Amino acid sequence: MPSTTPAVIIVFDGCRPDGLAQAATPHVDSLWQRGAYTWAAQSVVPSYTLPTHTTMFRSISPDRHGVLSNTFNPAACAYPSILDVAHTAGLHTAMFYSWGELRDLAAPGSLEFSYLRAPRPDEDIDAHLAGVAADYLVHERPDLTFLYLQQSDIAGHDAGWMSRPYLDAIEAMDRALGLLLTRLESAGLREQITFLLLADHGGQGRTHDGTAPEDTRIPWIISGPMTRRNHALHQAVHLADTAATLAHVLGLNTPATWEGRPVREAFYD
Ligand SMILES: [Zn+2]
């Protein structure tokens with residue numbers, strides 16, 4: 001068993017655990033069935049997309065990183081992100097995303113490759129991003145890759161969380177994930193990589209500000225050569241543990257500023 005592996009972090013924006021349960025998601029299922037998971041990880045308040053991602057990547061709570069809306073606060077740069085830590089250690093980092101605000105998750109220079117494409121009408125943006133990310137992973141073999149998939153958040157705002165269009169969006173993101181996993185499998189890479197799939201926040205009605213448990217309860221799944229298989233985690237998992245767990249997978253030391261801890265229960269001893 002390897003002591004470190006490459007890692008791919010995949011975010012399903014706004015995806016509730018019960019959304020995953022109600023939608024048909026065979027590819028997500030293939031991850032948790034081969035990995036360790038919880039359906040009750042804890043996100044943060046305010047549970048908007050930029051504050052939550054800042055906590056996810058910088059392992060620090062919103063009251064300290066100061067990103068309290070979807071406008072970046074440069075004060076957060078005092079807390080290195082997992083992308084910064086990986087880059088400083090000489091690892092190859094890449095990011096594929098469709099929402100420009102996320103650019104501030106890495107300091108200038110911390111990404112070897114960054115691909116931003118805004119959603120276009122009548123295009124399955126998540127499938128597009130997954131295809132580009134798959135090509136890059138197969139040809140360039142990055143150590144740490146971030147793939148951001150967006151459709152469930154858009155459908156939640158448009159039609160309501162847990163509505164049929166919302167569940168359809170989750171199924172579309174699952175197909176995008178399937179594109180990625182199939183390509184990696186064909187290239188003989190799937191079994192070598194650790195995947196961490198989670199949501200940044202949930203939602204209810206047509207919003208997600210953090211006032212309801214449905215806003216802050218998130219799925220968190222990790223699957224790779226070092227992880228237990230089909231293991232429901234007992235330990236509480238916090239969004240800030242995400243960066244620390246990725247650091248563990250990649251064999252990186254964690255900055256003293258980080259609040260999160262690796263989810264050790266997810267791994268074989
Ligand atoms: Zn949203």
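How many residues has the largest nonpolar core, and which of them have the most contacts inside it? The structure is a predicted model, in which local features need pLDDT of at least 70 and side-chain atom pairs count only at pLDDT 80 or more, while totals for chains, interfaces and linings use all residues. Residues are numbered from 1 along each chain as its sequence is written.

The largest nonpolar core has 82 residues, and those with the most contacts inside it are Ile-10, Leu-147, Leu-149, Ile-170, Leu-197, Leu-198 and Leu-246. A nonpolar core is a set of buried Ala, Val, Leu, Ile, Met, Phe, Trp, Tyr and Cys residues joined through C-beta atoms within 7 Å. A residue is buried if 20 or more other C-beta atoms, placed from the backbone, lie within 10 Å of its own. Ten residues of this core come from helix H8, which gives the most to it. Helices (H or I, at least four residues) and strands (E, at least two) are DSSP runs, numbered from the N terminus.

Eight strands form an open sheet with mixed pairing, in the order S4-S3-S5-S1-S6-S7-S2-S8. Two strands pair if DSSP finds at least two bridges between them. Strands S4 (113-116) and S8 (231-232) are the edge strands, each pairing on one side only. Strand S1 (residues 7-12) runs parallel to strand S6 (residues 194-198), to which five bridges join it. In this pair Val-11 stands opposite Leu-198. Leu-198 also stands opposite Trp-220 in S7, where S6 and S7 pair in the antiparallel sense over four bridges. S7 pairs with S2 in the antiparallel sense as well, over five bridges, and Ile-218 in S7 is the bridge partner of Ala-41.

In a regular strand the side chains alternate between the two faces of the sheet. Both faces of S7 are covered: Arg-217, Pro-219, Ile-221 and Ser-223 are buried on one side, and Ile-218, Trp-220 and Ile-222 on the other.

Helix H2 (residues 26-33) and H8 (residues 164-186) have axes that come within 7 Å and cross at roughly 60°. Axes are lines fitted to C-alpha atoms, for helices over the stretch in contact, and angles run from 0 to 180 degrees between N-to-C directions. H2 and H8 are therefore oblique to each other, a class left after angles under 35 degrees (roughly parallel), over 145 (roughly antiparallel) and 65 to 115 (roughly perpendicular). Pro-26, His-27 and Val-28 in H2 meet Asp-174, Leu-177, Gly-178 and Leu-181 in H8, contact requiring C-beta atoms, placed from the backbone, within 7 Å.

Definitions and conventions. Two residues are in contact if their C-beta atoms, placed from the backbone, lie within 7 Å. A residue is buried if 20 or more other C-beta atoms lie within 10 Å of its own, exposed if 12 or fewer, and partly exposed in between; C-beta atoms are placed from the backbone.
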